[in-house]
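Dear colleague,

I am handing over the structure that we spoke about, so please open it beside this message. My notes on the spaces inside it follow below.

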Amino acid sequence: MNRYIINGGKPLHGEVVIGGAKNAALGIIAGAILTDEPVTIENLPDVSDINVLLDAIAGIGATVDRVDPHKVVICGKTISSVIVNSEVIQKIRASYYLLGALVGKKGRAQVAMPGGCDIGSRPIDQHLKGLRALGVQCDENEDENCIYASVSELHGNGIFLDVASVGATINIMLAAVLAKGTTTIENAAKEPHIVDVANFLNSMGARIKGAGTDVIRIFGVDSLKGTEYSIIPDQIEAGTFMCAVAAAKGDVVLKNVIPRHLEAISSKLEEIGVKVEEFESGTEVRIVSDENSRLGSSTVRTRVYPGFPTDMQPQITVVLMLGNGNSTVTENIFENRFRYVEELRKMGADIEVKDNKTAKIHGVEAVHGTKIDVPDLRAGAALTIAALSADGTTTLDWIDYIERGYEDFDGKLRGIGADITKETVNDEKP
Ligand code: UD1
């Protein structure tokens, strides 16, 4: 188990370089095995979820050459097995992408049921509905905790998603690119990483139109070729640093960002008094949060893109916890995403959660350091922000969750003046 020791109350100043988008990278790595030619992926985030997925594809025989922490060359030609069910892969969410990719490539897959953060029930019925519509037989085996999928020939079809699921949209794209005929996904998710995965697959010779809108059309092709592709910057890592500066105060420039992807977050922060400045370069934003004035209050509702992202809900709650006045944060995507509030209360926050859905926040002037635990990835980032803004010292246990999705989080924070150190307590992992 790893922990952070954070001495709060230090404003943040300087520059942070944002890494590649984890959730795009997961879909892209799975997509890379669809061709027998080498695929080079750049701007890869060096985080544990990515490393687990790379190990998983190496485990079924793909060649994985990690040229450097942010660049990998993958070749799916040597894949010899379709069974992905190790203990480690069961812990990550994106194991489900190997279902779509392996049925596309081999017509068969046996993949662990997806894990990931405990933020609600997280069904995969829409993934299975989509794959079945393409002709795939999918059977869930609870005893073996895996899904068996097989198909003799994938054929395109029309699929209407009951919910605009990010995972299901990417999974169906992965299976449909090599199907016979045309697949239409209606009520598709529109998140930036959907567009990035589609652009990546198109660079391999796929024919996907409409990614980023509600309706995606995939015209099946016979084969895909190798490519070189650079992943988009991580919207959520950038948003997390924006909230860190807002809450802990200071003046920080974020480099390697796409400001358009940050608009829902920027506009909320501006509404409560944070200055968000875009530069002409189009790849940087500057965040200024005045040390001498308190931020205001707001109402936030999580929505699918371009709405306020659920993966930023804990971080904005922490910012509003210190604002002047009463705020409300409503979670509309996941059922159980407020577990971190109990930890914030230990620090002196005044927040009440109703029906696991709405947080009523009564802004306090200050919170204090104490010993708290990380319940999941984004909550962990939010609790770190709370600790940076607190008076005194916070011990934050189980930060292994944070390392699933943030590369060198403590190092990047130290680079802008935070007093944060990491300790390894023992070898256990969440
Ligand atoms: C992905 C992201 C996660 C992010 C989420 C929403 C990855 C690895 N994870 O998760 O960080 O928080 O998108 O932006 O990319 N649903 C169903 N049936 C399904 C699939 C989803 O009912 O088959 C529901 C979910 O329970 C949830 C909602 O749809 O209420 C959104 O889930 P989804 O977009 O699929 O999230 P994930 O792909 O799990």
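Helices are DSSP runs of H or I with at least four residues, strands are runs of E with at least two, and both are numbered from the N terminus. This is a predicted model, in which local features need pLDDT of at least 70 and side-chain atom pairs count only at pLDDT 80 or more, while totals for chains, interfaces and linings use all residues. Residues are numbered from 1 along each chain as its sequence is written, and side-chain values use heavy atoms, with hydrogens and water left out.

A pocket, on a 1 Å grid over the protein atoms alone, is an open set of points with protein on both sides within 12 Å along at least five of seven lines; a cavity is a set where a 1.4 Å probe fits but cannot get out, and lining residues have an atom within 4 Å of a point. Grid points are joined across faces, edges and corners, and a volume is the space filled by probe spheres set on the points.

The largest pocket has a volume of about 1000 Å³, and among its 44 lining residues R122, V166, G167, I333 and F334 lie nearest its centre. Because domain 1 (2-19 + 233-424) and domain 2 (22-230) both give residues to its lining, the largest pocket lies between them; the domain bounds come from an automatic or database domain assignment.

The second largest pocket holds about 270 Å³ of space, and of the 16 residues that line it, A247, K249, L322, E365 and S389 are the closest to its centre. Helices α7 and α11 each give two or more residues to this lining, and the largest share, three residues, comes from α7.

The largest cavity has a volume of about 80 Å³, and its lining includes K22, H193, D234 and R378. Helices α1 (22-32), α6 (192-203) and α7 (235-248) each supply at least two residues of that lining. Since both domain 1 and domain 2 give residues to the lining, the largest cavity also lies between them. The second largest cavity contains about 50 Å³ of space, and G19, P45, D234 and K412 are among the residues that line it.

Best wishes
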